[in-house]
Every structure is written in C-alpha cells, then in structure tokens.
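Student: I would like to go through this model helix by helix. Could we begin with how its parts meet?

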Amino acid sequence: MSTLIHGAALASFVWTCAVFLVQGIGIYKLFRHNSRPLPKPVSPSLPKDEVPHITIIRPVKGVEAGLYECLASTFRLTYPKSKLTIYFCVASKDDPAYPLLQRLVVEFPEFDAKVLVEDDDPLLHGAQGHVYNLGPNPKIRNMSRAYREAKGDIIWIVDCNVWVGTNSAGRMVDKLCGYGPDGARTTPYKFVHQLPLVFDVDVPKASKHQTLLSPNGVATLSKSSLLSHGGRLEETFMSTSHAKFYSAINTVSLAPCIIGKSNMFRKSHLDAMTDPSQNPLLSSRDTNRGRGLDFFSSYICEDHLIGDLIWRSRIIPGHKNHGLVFGEVAIQPVSGMSVASYIARRVRWLRVRKWTVLVATLVEPGVECFLCCLYLSFALTTLPWFHNTLGIPRSWSAMFYFWLLGVTTWMAVDRWVSSMLQKLASVDADENTPAFALGSSRHGGIRTRPFSEWVLAWLGREALALPIWTWAVLLGTTVAWRGKKFRVGMDMRVVEIGGGEDHHNE
C-alpha cells in the first residue's frame, strides 16, 4: 500500500508540474501579445489584385446583447470593401434578428452583403430540394448556402454574437497566407482563429430578446438574483482558465484546440479534405455526406471536427496546421445570462466534445485549480524527498495549508491575467468601438471588476467545475442547442430528439 501511495504521489507531482508548465506557456504568450498594441496588418495594403477575397459568414439566431455592434463590426474592417462578401445567415424570416439584418444591409450599401434565409435554401426546400439533404446540426444548415455560394477561396466564419476589431481581417489573412512586413513571406497556415473573450454587460433587452446561451432561449432572471450572474462566471472562465490553456495548447501545437467563434480557412482546402477520393483519411462510407461544411451536418461539434480534419489531413503540402492569431481577440458580450444557462453551456460543450477528444475530456478536472492543488499538496506531504530535504510534515493539516497556499497563488495569478486581458490593450479602438470592446483601460470602456466581485465569480466558477464535468461527462448524452434537443452518440453523430425522422446524409 505504501508503494501504491508513493506512486500516486509521484504521478500527482509530475502531473501538477506539467499543468504549471502549460499554464506558464499560456500566460507568457498572453502577456507578450495582449498587453500592447499590435502592428498593422500587411494584406489590406497589398496591390488590389493581390489582396485575397474573403467571404464572411455570420450565422444568426435571435437577438443577442450588442448584436448590432457585433454585426456592424463586419462593415468597419480596414480591409478593401471590394474584397469582402458578407453573408448573414438566419433560419427563417420569423427570427427576431431578421429585421436587424435587413437594416444592416441597407445601412452599408457599398458592401457586397446579403441576408440568406435557410427556409429559402434550394438544397433544403423547393422542387429540387429536400429537408433531409443535410443532417440536423442547425448551425451547418444555417450556413450551408452561404458556404456553397462563397466568392473567392477564403472563408471566415464569425458567430453573430462576436465583435471583431477593425484590423482583425487583415491580421488573420496575413497569418493564413503567410504575408509578412516589407514583402517577407512566411509559411502559410491551413486554418487560423482568434482568442475568444466574454464580457458580462448590462444592456436593455428588446421585447423579443433571445440568447443562444440560454437552454430555453430566454433569459428571465433579474440582476438582483445571485442565480442571474452566469455571465460573470463565463467572463471569468474565458479570461482565466480557458485563455491560459487555449494559448498554451496553440503554442506547442501538439493537438488541435479551437472554439468556433472566429475561424478562417480556404474553401478549396475543406472541399478537398471532405472528398473521399482525395483524402485517404476518409472511407467510402463518407461519399454521400456532402462536401465542405455540409460534410459535418450530422455532428454538433462542427468547429472542433472541422479543425480536427484540417489538422490531420496531409493532402495540402507546404502549409502549417492551425495558427492562433496572437493578440487578436473575438469579443462576445453577454447580458442576463443565468447560472443555469452557464451550466447548460458548459455541459453542452463537454458532451459534444466527449467522444471527439476523450482523453482530454477525462483529464480535464485535473487541470482545474481545486483538484490540481490537491494533487500538489498530496505529493508534497507524501513523497519522502520533501519530508527529508525540506522538512515538510506528513500531516493532514500540512496538506490543507499547502492546498490553501496553492489555491491562493493560483487565484492571484488568475486575477492578474484576467485584469491584463480585460484592458484589451491589443485591440484597435476608434469612434465606432462599443464600450464592451474598449477595455478597462480606455475612457468609456468597461470598469475593472472590484476584487470582491471578481473573487466571488472566480470561486463560483472553480467550485462548479467538477460538478459540471461529472454531470456532463458521466451522467448524460443529451444537449440543448439553438432551441432544439439532441442526443450525442459515441460515433459523434447527433440525433434530434422530438424532431421526427432522423436527418441522414451519410
């Protein structure tokens, strides 16, 4: 038993060292790129015939906090207007956001912008279409026509509730295509993306306000309730744990790590990679699954699966796999998000990725503060070297004190990281920049969270981490998303619950 305990303590110590190393890498990259302004991008200033054309696809569902500002940021990019095609995608004209989308197209007539309605998609409706030509994934069904009708080769998918900076398109194209300063060329990437950040804001709600983050589509709790502060939990998570590990994993590039908020890739690449005749990773069973985005319509975690297939496919030589555009952030404002909505979002996130990255999902609790510090304190008070060399007592009280010291140190580091990120020093600001994107260091921006507020959100987030993981990974397979319920299978396919006939495209 002593040997077993010592082995467990040694494994715990090695694990915590690895976690601290990964976090250190992430913190270094965040500080290096997010604490100061970024250089101007190269691609927008290239000769006109050399500037790559971008098709921007923005899937829309309901009226989100700051929706107008987020969508309008697409028209305020410092990228040649003639090189942009903007598609707003919505399920039906009955969607509360539809009038706003029409308004945006009218307000910016100089752009090649269009609202595409899923109900009018000839692939799904009409004499030549069928509703089951695509799988049940509502986001893919929403975007399918925009992808098929894309102009140019570069596709940039940006969620409707995300604000992007004026130079973000240029910087992403620079990384994707390998444009460097003074005419230098670097190795291009197959896929590039941005670091997502969330800000909890107080905004008046429209009468038809809906939120993608709510399990039932409507946020109803008032700000006076403790259970209404799910947005603060989400903000804290995205600016601490998620930001550190997201940056670190994308730095070492040992595995794909993306979130589908703002992703850019080439249509020609994805079309080839989803073609069984060109990609040896696929089998003949994949022949009838469509090409490009349509290939993923039977799966709910399309962002990870797209990134994973691009990562593993070797049919496009001369390109690196994934590239995080360091310093560029995709900013998402949330308002009126309940704790239940936050939990539902995290549960969905874990369940849809459970079978795609099983090992990473299983070890995830061990990278969270409370459990990781418990591993460390157990190792320090168990391994003979620490007792014999440093005189650390082998007692429960010593274990508790080291755990408390570890948690306190972790919290202090997270406070510094989140405060640094929320200054948004790397974000380009102008007269059109909304308050939530100005950061805490600019006049008119968000206020710095007082420590008393921040620490409550941090403790709540950390305390919920293990229960959420247990519920999501061990106790269920269903997820609620975009007003529908789905069951996630071990093969990563989803079946809509209560949706009648299963959608087949395989």
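**Domains and helix packing**

Tutor: In this predicted model, 46 residues of domain 1 are in contact with 50 residues of domain 2, contact meaning heavy atoms within 4.5 Å. Residues are numbered from 1 along each chain as its sequence is written, and side-chain values use heavy atoms, without hydrogens and water. Local features need pLDDT of at least 70 and side-chain atom pairs count only at pLDDT 80 or more, while totals for chains, interfaces and linings use all residues.

Student: How far apart do the C-alpha centres of domain 1 and domain 2 lie?

Tutor: The bounds come from an automatic or database domain assignment. Domain 1 covers 1-31 + 361-496, and domain 2 covers 39-204 + 227-346. Between their C-alpha centres the distance is 27 Å.

Student: Which residues does UniProt list for "transmembrane region", and what is the end-to-end C-alpha distance of residues 398-417?

Tutor: The unreviewed UniProt entry lists residues 12-31, 355-378 and 398-417; its positions are given in the numbering used here, with feature names shortened, and annotations may be inferred rather than shown by experiment. In the model, residues 12-31 are 100% helix and 0% strand, with end C-alpha atoms 28 Å apart. Residues 398-417 are also 100% helix and 0% strand, and their end C-alpha atoms are separated by 29 Å.

Student: By class, how many residues make up the contact of helix 12 with helix 14?

Tutor: The contact includes Phe370 and Leu374 of helix 12 and Phe402, Trp403 and Gly406 of helix 14. Ala, Val, Leu, Ile, Met, Phe, Trp, Tyr, Cys and Pro count as nonpolar, Asp, Glu, Lys and Arg as charged, and the others, Gly among them, as polar. By that scheme the contact has no charged, two polar and 12 nonpolar residues.

Student: How many charged residues are in the contact of helix 14 with helix 16?

Tutor: The axes of helix 14 and helix 16 (residues 451-474) come within 11 Å and cross at roughly 120°. Among the contact residues are Asp414 and Arg415 of helix 14 and Glu462 of helix 16. The classes are seven nonpolar, one polar and, for charged residues, three.

Student: What is the packing angle of helix 10 and helix 16?

Tutor: Helix 10 (residues 339-353) has its axis 9 Å from that of helix 16. Their contact includes Tyr342 and Arg346 of helix 10 and Arg461 and Trp469 of helix 16. The angle is about 50°.

Conventions:
Helix = DSSP H or I, 4+ residues; strand = E, 2+ residues; numbered from the N terminus. Axes fitted to C-alpha atoms, helices over the stretch in contact; angles between N-to-C directions.
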